Amino acid sequence: DKHGLPPLPTLVELTEEEKLCLAMSQSRTYVRGLRKDELVIKRQVEEKYRQLAEAPKFRGECVGMDRHYRRYWLVGGDLSRLWVESGGAQGESPVRWGVYTTVEQLEVLRAALDPRGVRENQLGEGLELYWADVTAAMRRRAAAGGQDPPMAVA
């Protein structure tokens, strides 16, 4: 521009939820409560998030990688299994999957990690982050005879 300043970034379009929050923050009636149209949108947003929260989850969380570039995953909210993905890079064999299902297997894995390596150090930190939850889920699964424990109904 004429003052030698860099141009402003382009504006990003607001989502419906962001528009609602902005409207509520600027609304004089918000102090007394939501207007009818705002209340309808708020209820729709709450219902959408409730449905998402109750839907089955198939999201995977990568815990880290080892020295052989194998990736370790927690999948779908199932903390009783630590999945291992190997291969799949160019020139390598197809992707193969393995799984750790016992606390003893995890302890052997943790003991074998070299904390001096960047990948294995990060994997060790990732395991520590989930350790209590994963081992508790593995113990519950073992107590159920290796079967998935029954789902809690709310």
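Predicted model: local features only at pLDDT ≥ 70, side-chain atom pairs only at ≥ 80, totals over all residues.
Visitor: In what order do the strands of the open sheet lie?
Guide: The sheet is built from 4 strands with antiparallel pairing, and its edge strands, each pairing on one side only, are β1 (60–65) and β4 (96–100). From one strand to the next the twist averages 30°. The order is β1-β2-β3-β4.

Visitor: Which residue in β3 is the bridge partner of W73?
Guide: Strand β2, residues 71–75, and strand β3, residues 78–86, pair in the antiparallel sense over 4 bridges. In β3, the bridge partner of W73 is W83.

Visitor: What angle does the direction of helix α4 make with that of β3?
Guide: Helix α3 (residues 103–112) packs on the sheet, where it touches β2, β3 and β4. Helix α4 (residues 118–143) also packs on the sheet, touching β1, β2, β3 and β4. The angle between the direction of helix α4 and that of β3 is about 140°.

Visitor: Are the rings of Y72 and Y100 stacked or edge-to-face?
Guide: A search of the whole structure finds 1 aromatic pair, and it links Y72 in strand β2 with Y100 in strand β4, 28 residues apart. Planes under 30 degrees apart count as stacked. Because the ring planes of Y72 and Y100 stand at 15°, with centres 6.3 Å apart, the pair is stacked.

Visitor: Does Y72 count as buried or exposed?
Guide: Buried means under 20% relative accessible area. Y100, at 22% relative accessibility, counts as partly exposed. Y72 has 2% relative accessibility and therefore counts as buried.

Notes
Residues numbered from 1 in each chain as written. Heavy atoms only, no water. Pairing = 2+ DSSP bridges. Helix = DSSP H or I, 4+ residues; strand = E, 2+ residues; numbered from the N terminus. Axes fitted to C-alpha atoms, helices over the stretch in contact; angles between N-to-C directions. Contact = heavy atoms within 4.5 Å. Phe/Tyr/Trp six-rings, centres within 6.5 Å; stacked < 30°, edge-to-face > 60°. Buried < 20%, exposed > 50% of the residue type's maximum accessible area, 1.4 Å probe, protein only.
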